[in-house]
Amino acid sequence: MTKRRDDQSRRYLLSMPDRSAPPQSSKDPLVIRHLEFLGPMATVDGWRPAADLPEIAFAGRSNVGKSSLLNKLVRRKAFARVSNTPGRTREINFFAVNKLFTLADLPGYGYARISKERRAEWKPLIEGFLRASPQLRGIVQLLDVRHDPTPDDEQMFDMLADIGVPTIVVATKMDKVKASELGKRLHALAVTLGIDAEQMIPFSAVTGVGRDELAAAIVELLAQPAWKTAESEASDAETGEEGEG
Ligand SMILES: Nc1nc2c(ncn2[C@@H]2O[C@H](COP(=O)(O)OP(=O)(O)OP(=O)(O)O)[C@@H](O)[C@H]2O)c(=O)[nH]1
Ligand SMILES: [Mg+2]
């Protein structure tokens, strides 16, 4: 499979949910009634919460704003821990929302100021989790609107494309860019990733812009069947095989 289009851009064959006609409503698409921290997963074979609720995971470089985005999403100041020490969180932290679904705050990757060996640690845990989570509905992948994707981001996008998990791309820290530059930055990111700019959700944990759009996109993802089941059913249909049981 060739993914590289030219020197500057890659076309990732991401599985992206159709967001062409987002529902227009002034109502909060995700009212938070109940929140619970479930615990951390530290290794691929380590503890994780029972996979009995649909799951959405949040991924991105260290310091990109995953925990801040989660807090904004659930309308709490300090529910997920916002780090002053990037590269520290190396576990996956799970939160249950409204006893209906689970959010997984993935460890940030690509922090420069740690050893080479430790820099590579993120991949097995994140990849192991993504591939072995039958209830996973999708990934919210964060990019800092100010920066082009790094090689670590590229590895992550390659992995998401390879696994085939539905992916929502969020451009975060919008408040840090001048209004006159925003359109240009979003376009540049979209071109680099080979996706449509409309597929990205512009977000800021400071101003709250994008919170409701993201919440609506997540609610839609949660309504989908688990993508793994959908995938295995599709391949069963192709081969004419029937599932067991
Ligand atoms: N201006 C601005 N700052 C932000 C935004 N989101 C996050 N930050 C800041 O960026 C820093 C990192 O934010 P975190 O939410 O801890 O980032 P993270 O991706 O969870 O980091 P790791 O857990 O280390 O992977 C903090 O100082 C935040 O206050 C945003 O939208 N705008
Ligand atoms: Mg964090």
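# Briefing on a predicted protein model

In this predicted model, confidence is lowest in helix α7 (residues 227-239), at a mean of 62, and highest in strand β2, at 97, where pLDDT is the predictor's confidence in each residue, from 0 to 100. Over residues 1-7 the pLDDT is below 50, and this stretch has 7 contacts in the model beyond near neighbours in sequence; two residues are in contact if their C-beta atoms, placed from the backbone, lie within 7 Å. Where pLDDT is low, the predicted coordinates should not be read in detail. For the protein, the mean pLDDT is 85, and 80% of its residues reach 70 or more.

Residues are numbered from 1 along each chain as its sequence is written, while chains are lettered from A and ligands numbered from 1 in the order in which they are written. As this is a predicted model, local features need pLDDT of at least 70 and side-chain atom pairs count only at pLDDT 80 or more, whereas totals for chains, interfaces and linings use all residues.

**Overall make-up**

- The protein contains 7 helices and 7 strands, which are DSSP runs numbered from the N terminus (helices H or I, at least four residues; strands E, at least two).
- Along the sequence these elements follow the pattern β-β-α-β-β-α-α-β-α-β-α-β-α-α.
- Of the 245 residues in the protein, 33% are buried; a residue is buried if 20 or more other C-beta atoms lie within 10 Å of its own, exposed if 12 or fewer, and partly exposed in between, with C-beta atoms placed from the backbone.
- Among the contacts with a separation of 6 or more, 75% come from residues 24 or more positions apart.

**The sheet**

- The 7 strands form an open sheet with mixed pairing, in the order β1-β3-β4-β2-β5-β6-β7, and two strands pair if DSSP finds at least two bridges between them.
- Because β1 (35-41) and β7 (200-202) stand at the edges with a single partner strand each, one side of each is left without a neighbour in the sheet.
- Neighbouring strands of this sheet are turned by 25° against each other on average, direction ignored; axes are lines fitted to C-alpha atoms, for helices over the stretch in contact, and angles run from 0 to 180 degrees between N-to-C directions.
- Strand β6 (residues 167-172) runs parallel to β7 and is joined to it by 3 bridges, with valine 170 having isoleucine 201 of β7 as its bridge partner.
- Helix α1 (residues 66-73) packs on the sheet, where it touches β2 (55-59), β4 (101-105), β5 (136-144) and β6, and its direction makes about 155° with that of β4.

**Strand β2**

- In β2, 5 of 5 residues are buried, with Glu55, Ala57 and Ala59 on one side and Ile56 and Phe58 on the other.
- β2 pairs with β4 in the parallel sense over 4 bridges, and it runs parallel to β5, to which 5 bridges join it.
- Alanine 57 has alanine 104 as its bridge partner in β4 and stands opposite isoleucine 139 in β5.

- Trp122, Leu125 and Ile126 are buried in helix α3 (residues 122-131).
- These residues cover an arc of only 90° around the axis, which puts them on the same side of α3; the arc is that of the directions from the helix axis to the C-beta atoms.
- The cover over the buried residues of α3 includes β2 and β3 (92-97).
- Helix α5 (residues 179-193) has 15 residues and reaches 22 Å from its first C-alpha to its last, close to the 21 Å expected at 1.5 Å a residue, the expected span being 1.5 Å times one less than the number of residues.
- Glycine 194, with a positive phi near 70°, follows α5.
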